[in-house]
Amino acid sequence: MSNPDIPAQAADGTAAGSDPGEHDAPALQFDRRLITPMIIGSVLNPINSTIIAVALVPIGVAFGAPPSQTAWLVSALYLATALGQPVVGRLIDLFGPRRLFLVSASLVGIAGIAGTLAPDLGFLIAARVLLGFGTCAGYPASMSLLRSEAERTGRDSPGAILTTLAVSGQTIAVIGPSLGGLLIDVGGWRATSALNIPLAAAALILGARRLPVQARPRRTGGRSIASELDLPGMALFAALLFSLLLFLMNLHADTWYLFAVAAAAAVAFAVRELRTPVPFIDLRVLAGNTPLLATYARALVAYVVSYAFLYGFTQWAEEGRGLSPSQAGLVQLPIFLTGIAVSTLTGRHQAIRVKLLIGAVFQLAACTLLLRLGGTSPIWLLLAVALIFGVPQGLNSLALQNSVYYQADPERIGTSSGLLRTFVYLGSMVASAASATAFGQHADTGGMHQLAWFMLGAGALFLLLTVFDRALRRVAAPRSPA
């Protein structure tokens, strides 16, 4: 794989390393020094999401905890990230990416130390919450840097940089479980937490040296920083997401009160945001930006399908098909390898609507094939299904990122990109709940087929949201330079 510090293509479409031309001043090219800290920031979340998968059993043995308790190590990270992404995105809009990037990197380092020294499971879960908040800045900071570089250079073509970030995350998804297994063999499960210490140090050093300094917060109208942040709005948004995610993670008759709490928080949040002069999330502007709302909806249903496959197919491969955990992991490899190849080949092309349509068709094809799988299905058929799922894995993530970049208000790019990730994590929670409902106590073939029908419904909705969205035809239209 090529050095991530030297992308295959510059942000303006020029091949990396090529002569930009005698008429192009170097100052008008994307600052490549930003790429490495952007990559490190963007992989902090996926590397911790994938490594923990192989560490759950050793952690459970160490603390005498059943799977129902160690599952919170996964959920805690997703909950914190889903809550923190738009909040940190708003802070980046106000204070610039550098400050928040450095603060977040520091939190990752502290969480790494706390997790390495954790005396019990509760302490380790708390460290994972802190880690989730610490990994929130990477993606919105990168989107903010892309926007500021576009304004500085007058060039508005982020495709190659977004491709580099997407491929980096997908590569981590491939090597994460293997790296986690190696770390556990060498230093036990605590080594998986200790990995965050050098990663945080690298992010801090590179961020401090390379990210641009913003002189002062972006304040308007002489308002105070507290009023610009809209702390009550952030608190209500946190209450809304926290109660909703807890409800989705525990779909039982005795948890419906959580849905009522979420609904009440949603009403209070809407009232607050419509009345405050500087809202955390400007609902009026957001309601008027129908294309961006459609992108969020597409992200939700796309990742419902994606995560349902990752959760459900793997469990069925072990219990319903009888594969070992290592064999089930190998069956998943075609998804990520195909996703990397597709992202690399198509990343420089701006045909966002075409990417989404092709991704939708391949999603439906793969979900249909799931209905043909059974306990005696040959391995090659399982690999074929995973291979087909890899195509939308590579296309949809890139197209959704590009959509938000072009559709969001440039002054709110951090908040908007953070909200995209919130909808992604909502999709993961819906997928997790759907998998639990379909399988019950055993991941058998009947449950997998039931899950496949649910995925087909979500995939069909994704296709409809794409086909009937006329705004996608104009989503990559060039903007005039600031």
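Author: Start with a cavity. This is a predicted model. Helices α1, α4 (97-116), α5 (121-134) and α8 (190-194) each supply at least two residues of the lining of the largest cavity.

Reader: What makes up that lining, by class?

Author: Nine nonpolar, six polar and one charged residues. Among the 16 lining residues, Asn48, Arg128, Thr192, Ser193 and Asn196 lie nearest the centre. The space inside is about 120 Å³.

Reader: How do you know that the span of α1 agrees with its number of residues?

Author: Helix α1 covers residues 35-63, which is 29 residues.

Reader: Why is α1 called largely enclosed?

Author: Buried means under 20% relative accessible area. In α1, 22 of the 29 residues are buried, so the rest of the structure largely encloses this helix.

Reader: What makes Asp230 and Arg272 a salt bridge?

Author: The cut-off is 4 Å between a side-chain nitrogen and a carboxyl oxygen. Here the closest N and O atoms are 2.8 Å apart, and the pair forms a salt bridge. The two residues are 42 residues apart in the chain, with Arg272 in helix α12 (residues 256-275).

Reader: Is Asp230 buried or exposed?

Author: Asp230 has 1% relative accessibility, so it counts as buried. Arg272 has 29%, so it is partly exposed, as that class runs between 20% and 50%.

Definitions and conventions
Residues are numbered from 1 along each chain as its sequence is written. This is a predicted model: local features need pLDDT of at least 70, side-chain atom pairs count only at pLDDT 80 or more; totals for chains, interfaces and linings use all residues. Side-chain values use heavy atoms; hydrogens and water are left out. Helices (H or I, at least four residues) and strands (E, at least two) are DSSP runs, numbered from the N terminus. The expected span of a helix is 1.5 Å times one less than its number of residues. Buried means under 20% relative accessible area, exposed over 50%, partly exposed in between (1.4 Å probe, protein chains only). On a 1 Å grid over the protein atoms alone, a cavity is a set of points where a 1.4 Å probe fits but cannot get out, and a pocket is an open set with protein on both sides within 12 Å along at least five of seven lines; lining residues have an atom within 4 Å of a point. Grid points are joined across faces, edges and corners, and a volume is the space filled by probe spheres set on the points. Ala, Val, Leu, Ile, Met, Phe, Trp, Tyr, Cys and Pro count as nonpolar, Asp, Glu, Lys and Arg as charged, and the others, Gly among them, as polar.
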